[in-house]
Amino acid sequence: MPTVTMERVEVFSAAHRLQSDKLSDAENKETFGKCNNANGHGHNYVWKVKLRGEVDPVNGMVYDLAKLKKEMGIVLDTVDHRNLDKDVDFFKTTVSTSENVAIYMFEKLKSVMSNPSVLYKVTIEETPKNIFTYKGF
């Protein structure tokens with residue numbers, strides 16, 4: 001059967017502060033600069049989910065888009081209009097860099113998908129110039 005990739009895009013807004021418990025205050029400031037602001041800062045993230053798989057000979061789809069939209073919504077509810085560091089358990093022990101946001105979004109989506117084997121990668125666009133992709137294992 002032919003293999004096809006498909007992609008769905010969502011957006012969300014979230015605040016965070018780049019701060020590592022493994023670094024001193026001075027090291028955090030040097031490492032993260034203005035993103036270490038004690039009051040945090042926010043982004044309007046673009047979340048792209050790419051699936052890859054064989055086209056089902058019965059329904060003609062790699063994955064049901066309506067189902068994917070609902071599953072992505074479950075994940076979005078955990079981050080949209082949230083403070084990542086305070087509201088998302090994963091980031092209470094992990095620095096909320098966009099690299100780690102990509103990992104979180106991939107793993108969280110994988111855990112709620114009815115067929116996670118087709119999840120190929122997720123991309124987080126923090127800004128149009130800062131883009132992070134995670135493919136998982």
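Lys92 is partly exposed, at 47% relative accessibility (buried means under 20% relative accessible area, exposed over 50%, and partly exposed in between, with a 1.4 Å probe and protein chains only). The side chain of Lys92 meets that of Asp89 in a salt bridge, 3.3 Å from N to O; the term covers a side-chain nitrogen of Lys or Arg within 4 Å of a carboxyl oxygen of Asp or Glu. Asp89 itself counts as exposed, at 59%. This is a predicted model, so to speak of local features takes a pLDDT of at least 70, and side-chain atom pairs count only at pLDDT 80 or more, while totals for chains, interfaces and linings use all residues. Residues are numbered from 1 along each chain as its sequence is written, and side-chain values use heavy atoms, with hydrogens and water left out.

The structure holds three salt bridges. Another one links Glu125 and Lys48, at 2.9 Å from N to O. Glu125 lies in strand E4 (residues 119-127) and Lys48 in strand E2 (residues 41-54), so this pair ties together parts that sit 77 residues apart in sequence. Strands here are DSSP runs of at least two residues, labelled E and numbered from the N terminus. Glu125 is buried, with a relative accessible area of 17%, whereas Lys48 is partly exposed at 25%.

Then there is Arg8, whose salt bridge with Glu10 has its closest N and O atoms 2.8 Å apart. Glu10 counts as buried, at 17% relative accessibility. Arg8 also turns up in the strand pairing, with Val49 as its bridge partner in E2. Strand E1 (residues 3-16) and E2 run antiparallel and are joined by 14 bridges; two strands pair if DSSP finds at least two bridges between them. E1 pairs with strand E3 (residues 82-83) as well, in the parallel sense and over two bridges. There, Ala15 stands opposite Asn83 in E3.

Now for the pockets. On a 1 Å grid over the protein atoms alone, a pocket is an open set of points with protein on both sides within 12 Å along at least five of seven lines, and lining residues have an atom within 4 Å of a point. The largest pocket has a volume of about 370 Å³, a volume being the space filled by probe spheres set on the points. Its lining has 18 residues, with Arg17, Gln19, Asp21, Asp85 and Phe91 nearest the centre. By class, the lining of this pocket splits into three nonpolar, nine polar and six charged residues (Asp, Glu, Lys and Arg count as charged; Ala, Val, Leu, Ile, Met, Phe, Trp, Tyr, Cys and Pro as nonpolar; the others, Gly among them, as polar).

How values were computed
Helix = DSSP H or I, 4+ residues; strand = E, 2+ residues; numbered from the N terminus. 1 Å grid on protein atoms, 1.4 Å probe; cavity = no way out; pocket = protein on both sides within 12 Å on 5 of 7 lines; lining within 4 Å.
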